[in-house]
Amino acid sequence: MTVRREPLRIANCSGYYGDRLSAALEMVEGGPIDVLTGDYLAELTMLLLWKARTRDPEAGYALSFLAQMREVLGTCLERGIKVVVNAGGLNPAGLARKLRELAALGGLHPDVAHVEGDDLLGRLPELQARGHDFAHLASGRPLAGSGVQALTANAYLGGWGITQALRSGADVVICGRVTDASLVVGPAAWAHGWAPDDWDALAGAVTAGHIIECGTQATGGNYSFFTEIPDPVHPGFPIAEVAADGSSVITKHPGTGGAVSVGTVTAQLLYEIGRPRYLNADVVARFDTVRLAQQGPDRVAVDRVIGEPAPDTLKVCLNHRGGYRNAATFVLTGLDLDAKADFAEATLRDATGGPAAFATYDLRREHGGACDRLTLTVKDPDPDVAGRGFFTAVAGSALAGYPGLYLEHATPRATEYGVYWPALIPAAEVTEVTVLADGTRLPVPRPPAADPAASPSPALPDLPADDAVPPEPQPPHGAVPDSSPPRTGRPEPYDPRLARTVRLPLGTLLGARSGDKGGDANVGLWARNDLTYLWLRDYLDVRRLRALLPETAALPVSRYELPNLRAVNFLVHGLLGDGVAASTSADPQAKALGERLRGCLADIPEHLVDLPRGPYAAPPEE
C-alpha cells in the first residue's frame, strides 16, 4: 500500500440535499483536488427519502447527486479524483447501480462501491428481543410500548468502510447514513495509511470534516461578520488539505467568493455541537484542543487535535409519523398591539375550541418593527381536525377580530409531519459492509476497544461546565444588572463592576453560530481577541442567557467553554421539541438563535469596543 506524503486535498460540493447544483463542477474545474465529497443527509432528509421510496421502491437516494455526476464524472475519472458521498440515503445500492447505468450511457466505466449496514429497520424486532430498548436520548422512554412505529432506523457509521472501498480500487464510494465527518475521515485514512487506533490523526480528520461538511458555511455563509467579507455573494465551497498527522489547512479555490478566516472556521466549528468531547463513530475528537491560525489569505491552519478511543455505541436516527399540522398567521399593525394580541388569542380560543380541541395548540408572537405576527400552530392525529376544521374556525372569526386584522398565511390543508427519535446501539451490534462493484462483500472491522484500565487523555479532563443547569422556579425575564459578581470570580485585567460600560448589542463584539441537535438547540459565541473572551467567559453564564432569551428560561441549559477558540457554547435542551420536522417554532432549526442573541443589549466594558477585532485576528497565544 502506497502511503501519501503530501496533504490530501478534500473538497466539499454539498452541505445538504438541495445545495447548489453547480458546486461539483465548480470544485472539479476550479483547481486541483484529490477527493470530491458531498453531504446530503440530515435527520429530516431520511424522512423525505422514505416518502420518496413509498412512491417508488427504487428511490430513497439524493437525485441531485446524479445531476452533478453528469457534469463531472468523466473529468474525475480522467484526473484520478475520488468521489465519496452519503447521497445513498436509504438506498445506497440503488444509487450505485443507477450511477453505473448513467456512466455507461456516456461510455464511462467507473468502479463504484457502496457501504451498507446502517439500516436497522428490519432488525428492530430482533435487536429489541435481545434487550436493546432504543431509549429516546432526551426522555429515556424505550421504543417498545411507546406506540411508535419506526419508518426509518439508521445507525451513524464511521469512515472505515469508505477507506476499505478506496483501498480496493473504488473510484466512487456511495454511503448511506455515515457521520458527516466520515466523508473526510475515510479518504484521509486511505491516503495516509492510518491505523484504526491513530486517535489523534483521526480526531484531526473529524475536525476537518466537521468544518467543511456544511459547504459554504465555512467560507462566509451564515457568518455573523458578513459585512467584512469583500465578496460575500456566491462563496466558493471549502477544501480541507489534510496532512499525514491529521492537521489540516482549510481553504477554497482562488478567485471564488466568500472568505476563509479564523472567524469563518470558528463559526463552523461551533455549529451543532454540545460537549467539547465530540463523539464520532471512529474516535472522540477533543474540540477543546483545536487551535486555529491564519496562514495567509483564505488559508486557515488547524493544528493537531487530541483524539480518544472511539465510543462503544453508535447513534441511531429513527423517524416515525407524528400526525398532521396546520398554522395560521395574523398580522398586528398600528396601535395597541398588546391588546390586539390578547383579543386575537381570546377570539381564536373561542372559535377553535382552544388547546382541548387539538393534540397540540401553540400560539407564538413575533415582534417585527412596524408590525407583529401572531402564529397559531395546531397538531392532531386527524387530518380533518388540523385541516379543514381548523381553517373553517379561523376564517369564520376573521370579521369579528381586532382592527386591521389580515391573515398572512392560512390554508385548509393540513400536512403530515414526522418525529425524530434519537437512540444508541452498541457498536458491536452493527454489521458494516463494503460492497465492491463486482458484488464482493467485505466486512468492516470496528475500531479497537478502549483499554478499560486506561484513562483516556488524563491530562485533558473535560473543562468545567454548567451542564444541564435546571431552570429556576421563577426565571428572570428582565435585564440582569452588571453589579452581580462574575460567574467564576477569577481576577481579570479589568473588573466588570468597576469598568465604564456602554449599552450595546452583544454582536458588537461577539460572533455567533447556532443550529439544531434533534430537539435541542446549540448556540456558540466567540470573541476575536483575548480580552473580549475573558469578558465573555465571565459575563455570559446560563442565568444571563435565560434573561436575554426568555424562551430558554424554563429549559435545562448546558454551558461549555472552549478557550482555544475563545468561545462559549450553550446547549438548550428541548427548545425544538421533537426536532425540526415536528417543531412548531418559526425557526425549527434554530438557525437564527445566535443572531437573535447577538442583537440583545448588554453593558459592555467601554475599552473593549475599540480593541482590534478584524477577521484575521491572531489566535490566543500559547
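This is a predicted model: local features need pLDDT of at least 70, side-chain atom pairs count only at pLDDT 80 or more; totals for chains, interfaces and linings use all residues.
Start with helix α6, which spans residues 160–167. Most of this helix is covered, since 7 of its 8 residues count as buried. The buried residues are W160, G161, I162, T163, Q164, A165 and L166. After α6 comes G169, and the phi angle of G169 is positive, near 100°.

Next, find helix α8 (residues 199–212) and helix α9 (residues 262–269). Their axes come within 8 Å and cross at roughly 100°. Angles from 65 to 115 degrees count as roughly perpendicular, so α8 is roughly perpendicular to α9. On the α8 side, the contact is made by T207, H210 and I211. On the α9 side, V265, Q268 and L269 take part. An α-helix has 3.6 residues a turn, so residues three or four places apart point the same way. By type, the residues of this contact divide into 3 nonpolar and 3 polar, with no charged ones.

Finally, turn to the second largest pocket, with a volume of about 890 Å³. It is lined by 30 residues, and the closest to its centre are R364, E366, S585, A586 and D587. The elements that give two or more residues to this lining are β14 (313–333), β15 (360–368), β16 (371–380) and α14 (593–598). Which element supplies the largest share of the lining? That is β15, with 5 residues. Sorted by type, the lining of the second largest pocket has 11 nonpolar, 10 polar and 9 charged residues.

Notes. Residues are numbered from 1 along each chain as its sequence is written. Side-chain values use heavy atoms; hydrogens and water are left out. Buried means under 20% relative accessible area, exposed over 50%, partly exposed in between (1.4 Å probe, protein chains only). Helices (H or I, at least four residues) and strands (E, at least two) are DSSP runs, numbered from the N terminus. On a 1 Å grid over the protein atoms alone, a cavity is a set of points where a 1.4 Å probe fits but cannot get out, and a pocket is an open set with protein on both sides within 12 Å along at least five of seven lines; lining residues have an atom within 4 Å of a point. Grid points are joined across faces, edges and corners, and a volume is the space filled by probe spheres set on the points. Ala, Val, Leu, Ile, Met, Phe, Trp, Tyr, Cys and Pro count as nonpolar, Asp, Glu, Lys and Arg as charged, and the others, Gly among them, as polar. Axes are lines fitted to C-alpha atoms, for helices over the stretch in contact, and angles run from 0 to 180 degrees between N-to-C directions. Angles under 35 degrees count as roughly parallel, over 145 as roughly antiparallel, 65 to 115 as roughly perpendicular and the rest as oblique. Contact means heavy atoms within 4.5 Å.
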